[in-house]
Amino acid sequence: MRYMGGKHRQAKRIVECLPAGDVYVEPFLGGASVAALAAPLFPKAILADYNADLVALWQGAVSGEWAPQSEPLTPEQYAHLKAGGGSAADRAFAATCMSFGGKWFGGYACPIRNRTDYQGQGVRGIARKAAQLREASDLTIVHSDYESMRAIGPGTVVYCDPPYADTVGYAGASKDTFDSERFWSTAAMWADSGASVYVSEYIAPSGWEVVAEMSRQGTLKQKHGESDRVTEKLYTRSQPTNKEMEV
């Protein structure tokens, strides 16, 4: 499944960096590349996203109540879904798997004019990840923003792939109004409460240390230019020094 900023190529490396825990929480589910590998490794997993259509897609795919259409999606069908028609899951499928670069309704990826079979890739990717998610022993997928997530504390492992700071906003992800400073403050609060918190980003505030670096082809356009290759980092909350603990 193509998803702008998705972690298809980095997912395995990210999951290898995560510690064991009682509960796995992912507040920015997106294309579910990391969740599909991580959720089955924990006794319980809670996955969420602010995008209601995307949540409906994954809920339906995992439960088996929905599957993407295999016959070619026409320009007329794409336009109908973009205008708000059809089911929520179908809209999410068209918005990502049938759009250039996985950008939310970023332009109809016509199968006749493109060598890449975007729709076929989407159908196969969703089926594969849904099957992996079904292997989780206790899985919950909810429509929620990250600040409304509950049960985050000791024994919880949280992985976040938020909209990146200083990148151009894209529709469907609430990027234009996303407050990165507020997010980092919330993530720090989770870590300070005893949770193991990991975040994918280009940069992080002080108090966060790099666990891994992963170079990939850039898909998120920078506000101050554009780079063919970008280096994403996986951060975790630094342990306080003895001096900080005394204070």
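## Contacts and overall architecture

Two residues are in contact when they have heavy atoms within 4.5 Å of each other. Among contacts in this chain between residues at least 6 apart in sequence, 67% join residues at least 24 apart.

The structure is a predicted model, in which local features need pLDDT of at least 70 and side-chain atom pairs count only at pLDDT 80 or more, while totals for chains, interfaces and linings use all residues. Residues are numbered from 1 along each chain as its sequence is written, and side-chain values use heavy atoms, with hydrogens and water left out.

The secondary structure comes to eight helices and seven strands; these are DSSP runs numbered from the N terminus, with helices (H or I) of at least four residues and strands (E) of at least two. Of the 247 residues in the chain, 49% are buried. Buried means under 20% relative accessible area, exposed means over 50%, and partly exposed lies in between (1.4 Å probe, protein chains only).

## Confidence

The predictor's confidence in each residue is given as pLDDT, from 0 to 100. The chain averages a pLDDT of 86, and 82% of the residues score at least 70. Over residues 220-225 the pLDDT is below 50, and this stretch has 16 contacts in the model beyond near neighbours in sequence. Residues 241-247 also stay under 50, and for them the model has one contact beyond four places in sequence.

## Packing of helices H3 and H5

Helix H3 (residues 52-63) packs with helix H5 (residues 88-97) at an angle of about 105 degrees, and their axes are 7 Å apart. Axes are lines fitted to C-alpha atoms, for helices over the stretch in contact, and angles run from 0 to 180 degrees between N-to-C directions. H3 and H5 are therefore roughly perpendicular to each other, a term for angles of 65 to 115 degrees; under 35 counts as roughly parallel, over 145 as roughly antiparallel, and the rest as oblique.

On the H3 side, the contact is made by Asp53, Leu54, Ala56 and Leu57; H5 contributes Ala88, Ala89, Arg91, Ala92 and Phe93. These residues divide into seven nonpolar, no polar and two charged. Nonpolar covers Ala, Val, Leu, Ile, Met, Phe, Trp, Tyr, Cys and Pro; charged covers Asp, Glu, Lys and Arg; the others, Gly among them, count as polar.

## Buried residues

Threonine 156 lies in strand S4 (residues 156-160). This threonine is buried, with a relative accessible area of 3%. Beyond four places in sequence, Threonine 156 touches Val23, Val25, Ala151, Ala195 and Ser196.

Cysteine 97 is buried, with a relative accessible area of 0%, and Cysteine 160 is likewise buried at 0%. The structure holds zero disulfides, a disulfide being a pair of cysteine sulfur atoms within 2.5 Å.
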